[in-house]
Amino acid sequence: MMRIHSRPLCGVLLVAAALAGCAPASPATGPYGIVDTIHVGGGGHWDYLSYDPAGHRLYASHNGHVEVVDARTGTHVGSIAVRGFSHATAVDREHNRGFITVGTSSFAPGAEAHEVAVFDLETLQVVRHIDMPSDPDGIAYEPISKRIVAFTGDSHSAVVIDPARERIVKTVDLHATPGSAVFDGRGHLFVSLENPADVLELDSSSFALVRRLHVPGCRKPVGVAVSAATDHLFVACRNRSLAVMNLRDGTLVASVPIARHNDAAAFDPVTRTLFVSTLDGTLSIVRDEGNDRFRLVQNLTTFPGSRTLALDPVTHRVYMSYAKLAPLPLGAMRYPDPIGGTFALLVVAEARR
């Protein structure tokens, strides 16, 4: 999610999806399924998908736009045009503002910007551009400090924005490429680093380093999620492993097999379920069974490329971006192009919900 490189990947060579090395860990069946598809349309690649529970809106990166969808009705309510490739969106409802990281992508050459685009939540019009260090990517709203935090890949930084003044107030050097980030709602920010396999814990008010957590046996951690109630940190590693860390003492308490090449993770505290989306078209679903026991419930087959997700914590539905991908010419070693007009959001839920 922070960046998918254009080098050949097992999950990327989708025309050869039957490659044995790409097979996800079992079980392949379980209680979850794709219950709906929200058609959006348009062309081009995508990145993050964000959900605003208060506004019941999904914000989907889609090339030079962010597509806005009403999750209650499944309708596409508008698009926000930006000056480069849109990566991620964060919302601050107190100031009626949204913030979009705008950068570059090897998938979408051409126009580029290194900025955060600020837009009005009601009109969906961009009202300000905040210059950023190179390669802005992920972004989130931190509710305790009431700050927007954006992450950059090439410049290895966390950039803190005051949403009231719409300006940068602090830049934190992470010294490595961030993979993903999550707040615990108790004043801590956890940022995975792709190399080395560590997670930084930062104070979400001062953004000072609290500690560095090494993740044993993890190669290239990307997706992260947290269970504040049980003090567990979930770190999805690209060597097909989910590491579960005890936040009280920083130890590894469980390792669960997941599908290949994860890109996003989200934890539902009510159902005690973790969702990990992967580039190869698999949603790995892991259940917390208590007493430091975690079980892979299901590897749900979605669609190749559906690597990003957002969770609605009230309906417990998971949304995933995807588009149909064009077949690659024989011998081609690149990421497939989306077929125009097929961009949509998958809706995943338990059958009984």
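Hi everyone, let me start with one detail: the link of Cys-218 and Cys-237 is left-handed, with -110° about the S-S bond. The two sulfur atoms sit 2.0 Å apart, and a disulfide here is a pair of cysteine sulfur atoms within 2.5 Å. In general terms, a disulfide is a covalent bond between the sulfur atoms of two cysteines.

Before going on, a word on where this comes from. This is a predicted model, where local features need pLDDT of at least 70, side-chain atom pairs count only at pLDDT 80 or more, and totals for chains, interfaces and linings use all residues. Residues are numbered from 1 along each chain as its sequence is written, and side-chain values use heavy atoms, with hydrogens and water left out.

Back to our cysteines. Are Cys-218 and Cys-237 buried or exposed? Both are buried, meaning under 20% relative accessible area with a 1.4 Å probe, counting protein chains only.

Now let's step back to the whole chain. The protein chain has 28 strands and zero helices; these are DSSP runs numbered from the N terminus, with strands (E) of at least two residues and helices (H or I) of at least four.

One sheet I'd like you to find is an open one of four strands, in the order β1-β28-β27-β26, with antiparallel pairing. Two strands count as paired if DSSP finds at least two bridges between them. At the edges are β1 (32-39) and β26 (309-311), each pairing on one side only. From one strand to the next, the twist averages 25°, using axes fitted as lines to C-alpha atoms and angles from 0 to 180 degrees between N-to-C directions. Seven bridges join β1 to the antiparallel strand β28 (residues 344-350). To see one of them, look at Ile-34, whose bridge partner in β28 is Val-348.

Finally, the overall picture. Along its principal axes, the C-alpha trace spans about 50 × 50 × 40 Å. Of the 353 residues in the protein chain, 60% are buried. And among contacts (heavy atoms within 4.5 Å) between residues at least 6 apart in sequence, 47% join residues at least 24 apart.

Definitions and conventions:
Buried means under 20% relative accessible area, exposed over 50%, partly exposed in between (1.4 Å probe, protein chains only).
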